[in-house]
Amino acid sequence: LSIMRLSGVDVVFSDADNMFHRDPFAQGVSLGDLIRSQKYDYVYQEELQKRPDPSHVAPGDGGNTGFWYAAGSRKPHIQTFLAAALAEVDRVQASNDRHIGA
């Protein structure tokens with residue numbers, strides 16, 4: 001979030017344990033094509049056990065937070081969304097810490 005606010009660039013977030021066999025941003029690769037289309041504010045990886053059927057439609061109710069793209073430079077409301085999500089994570093963490101006694 002800070003990167004988007006300070007630099008005005010779009011951001012791809014990836015866990016350190018992700019490994020790519022090829023360039024995920026290359027033309028003809030779904031992620032790269034989705035980003036270049038500039039139609040999407042937020043792209044995330046669904047939490048699936050195997051590659052989905054080509055007719056699969058994502059329900060939009062969750063995803064793998066280990067890999068996602070946010071178009072913060074074009075869509076300021078994405079920064080607001082991410083700030084709210086981070087605040088909720090902090091709230092839950094603080095609640096868990098109080099409950100566990102950390």
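Biologist: What relative accessible area does Phe25 have?
Modeller: This is a predicted model with residues numbered from 1 along each chain as its sequence is written. Local features need pLDDT of at least 70 and side-chain atom pairs count only at pLDDT 80 or more, while totals for chains, interfaces and linings use all residues, and side-chain values use heavy atoms, with hydrogens and water left out. Buried means under 20% relative accessible area, exposed over 50% and partly exposed in between, with a 1.4 Å probe and protein chains only. Phe25 is therefore partly exposed, because its relative accessible area is 37%.

Biologist: Which residues is Phe25 in contact with, leaving aside its neighbours within four places in sequence?
Modeller: Phe25 sits in the loop between β1 (11–14) and α2, where helices (H or I, at least four residues) and strands (E, at least two) are DSSP runs numbered from the N terminus. Contact here means heavy atoms within 4.5 Å. Setting aside neighbours within four places in sequence, the partners of Phe25 are Val12, Leu31, Gly32, Ile35 and Arg36.

Biologist: In which order do helices and strands follow one another along the protein chain?
Modeller: The secondary structure of the protein chain comprises three helices and three strands. When the sequence is read along, the pattern that the protein chain follows is α-β-α-β-β-α.

Biologist: Does Gln79 count as buried or exposed?
Modeller: Gln79 belongs to helix α3, and, leaving out residues up to four places away in sequence, it touches Leu1, Met4, Arg5 and Gly72. With a relative accessibility of 16%, Gln79 counts as buried.

Biologist: What is the C-alpha separation of Pro76 and Asp41, which are 35 residues apart along the chain?
Modeller: Pro76 is placed in helix α3, and it counts as exposed because its relative accessibility is 62%. Between the C-alpha atoms of Pro76 and Asp41 the separation is 9.6 Å.

Biologist: How far apart in space are His77 and Asp41, C-alpha to C-alpha?
Modeller: His77 is found in helix α3 (residues 76–100) and is partly exposed, with a relative accessible area of 45%. In sequence His77 and Asp41 are 36 residues apart, whereas in space, C-alpha to C-alpha, the distance is 9.1 Å.

Biologist: What is the phi of Gln38, which is not a glycine?
Modeller: Gln38 lies in the loop between α2 and β2, and at 52% relative accessibility it counts as exposed. Most residues other than glycine have a negative phi. Gln38, although not a glycine, has a positive phi of about 55°.

Biologist: Which elements give two or more residues to the lining of the largest pocket?
Modeller: On a 1 Å grid over the protein atoms alone, a pocket is an open set of points where a 1.4 Å probe fits, with protein on both sides within 12 Å along at least five of seven lines, and lining residues have an atom within 4 Å of a point. The largest pocket has a volume of about 1300 Å³, a volume being the space filled by probe spheres set on the points, which are joined across faces, edges and corners. Of its 31 lining residues, the closest to the centre are Ser30, Gln45, Glu46, Arg51 and Pro52. The elements that give two or more residues to this lining are α2 (30–37), β2 (42–45) and β3 (64–70).

Biologist: What share of the 102 residues in the protein chain do buried residues make up?
Modeller: The C-alpha atoms of the protein chain fill a box of roughly 50 × 35 × 25 Å, taken along the principal axes. Among the 102 residues of the protein chain, the buried share is 19%.
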